[in-house]
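Reader: Hi! Could you walk me through a few details of this one?
Author: Happy to, here it is.

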Amino acid sequence: MKKIAVVTGATRGIGLAISQKLSQDGFFIVGISRADNQEANDSWVNSLSNDCRLFKCDVTSLLAVEEVIAKISELEGSVHLLVNNAGITSDSFFHKMSLESWKSVIDTNLNSLFYITQPIYKIMKENGGGKIINISSVNGQKGQAGQVNYSSSKAGVHGFTMALAQEGARSNILVNTISPGYTNTEMMKNIRVDILQGIKDNIPLGRLAEPKEIANVASFLASDCCSYITGANIPVNGGLFIG
Ligand code: CAA
């Protein structure tokens, strides 16, 4: 019986590293990606160690998510794991932040968790258990100037985790958050070079995280070794925030 892991935002950055690591661990990865880039999609499939499927879906659209869930339900195997990883930034100081910027970040980073998690959570309940990993951020824990939208969404992600962990426990569904620090992905290209240097100077370990370092933690949380952790927020931030 295939063990299916659904990963959102699967084709790049942290989502790509998590897909690759969980595939090595033996999961059948169902990647969800908004991108319509055939080359990137083919390269995602080729970089995985096991059978996998990639579905195009905008996680901010309830209709699109429902269509993908129907396709997942038709696959052979059962959904053991959901990794809610899709996320965006749209940084600006609050006094200049547009409503559109606020809404797009909350929609992608937080509302999507409702759309995609609810049907998968119901499947897990029927199956007798499962695991959900939500990717938040150090900036959801400490706040970050220029990111009122993003920090709010990512703090909300862990609120979601803590509440659902309490509900899911009786159905053997473990729900946890990983809060990465600044990680070496394309997202970093949006930060001005001088600002990024200032950020690096403040990280006790003196460097950005590599996506693999986040994926290793996801791999542990997804594994049978992790059987008594739920509702936790695991920081992977090089010491940038020690709460
Ligand atoms: N608080 C208040 N004011 C500040 C400030 C702060 N922390 N930092 C700078 N300012 C002031 C500056 O001194 C400057 O003032 P003057 O004009 O009087 O000199 C003014 O604000 C403008 O500063 P900027 O040049 O930085 O403004 P900008 O509009 O060009 O850029 C910004 C604003 C886009 C928010 C930029 O500051 C920025 O990119 N900051 C970093 C935000 C950040 O860390 N994003 C993380 C993205 S990665 C991610 O989110 C992944 C993850 O999970 C970790």
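Reader: Is the crossing of α1 and α8 left-handed or right-handed?
Author: The crossing of those two helices, α1 and α8, is right-handed. Keep in mind that this is a predicted model.

Reader: Thanks! At roughly how many degrees do the axes of α1 and α8 cross?
Author: Roughly 50 degrees, and the axes of α1 (residues 13-24) and α8 (residues 211-222) come within 8 Å.

Reader: Which residues make the contact?
Author: From α1 there are G13, I14, A17, I18, K21 and L22. On the α8 side you have P211, K212, I214, A215, N216, A218, S219 and A222.

Reader: And by class, how many are nonpolar, polar or charged?
Author: The contact of α1 with α8 has nine nonpolar residues, three polar and two charged.

Reader: Switching topic: where does D51 lie?
Author: D51 is in the loop that runs between α2 (38-47) and β3 (52-56).

Reader: What is D51 in contact with, leaving aside neighbours within four places in sequence?
Author: K2, F27, F28 and I29. D51 and K2 are 49 residues apart in sequence, while their C-alpha atoms are 9.5 Å apart in space.

Reader: One last thing, what about the phi of N172?
Author: N172 has a positive phi, about 60 degrees, although it is not a glycine. You'll find N172 in the loop between α6 (148-168) and β6 (173-180).

Key. Residues numbered from 1 in each chain as written. Predicted model: local features only at pLDDT ≥ 70, side-chain atom pairs only at ≥ 80, totals over all residues. Heavy atoms only, no water. Helix = DSSP H or I, 4+ residues; strand = E, 2+ residues; numbered from the N terminus. Contact = heavy atoms within 4.5 Å. Axes fitted to C-alpha atoms, helices over the stretch in contact; angles between N-to-C directions. Left-handed = near helix turned anticlockwise from the far one by under 90°. Nonpolar A, V, L, I, M, F, W, Y, C, P; charged D, E, K, R; others polar.
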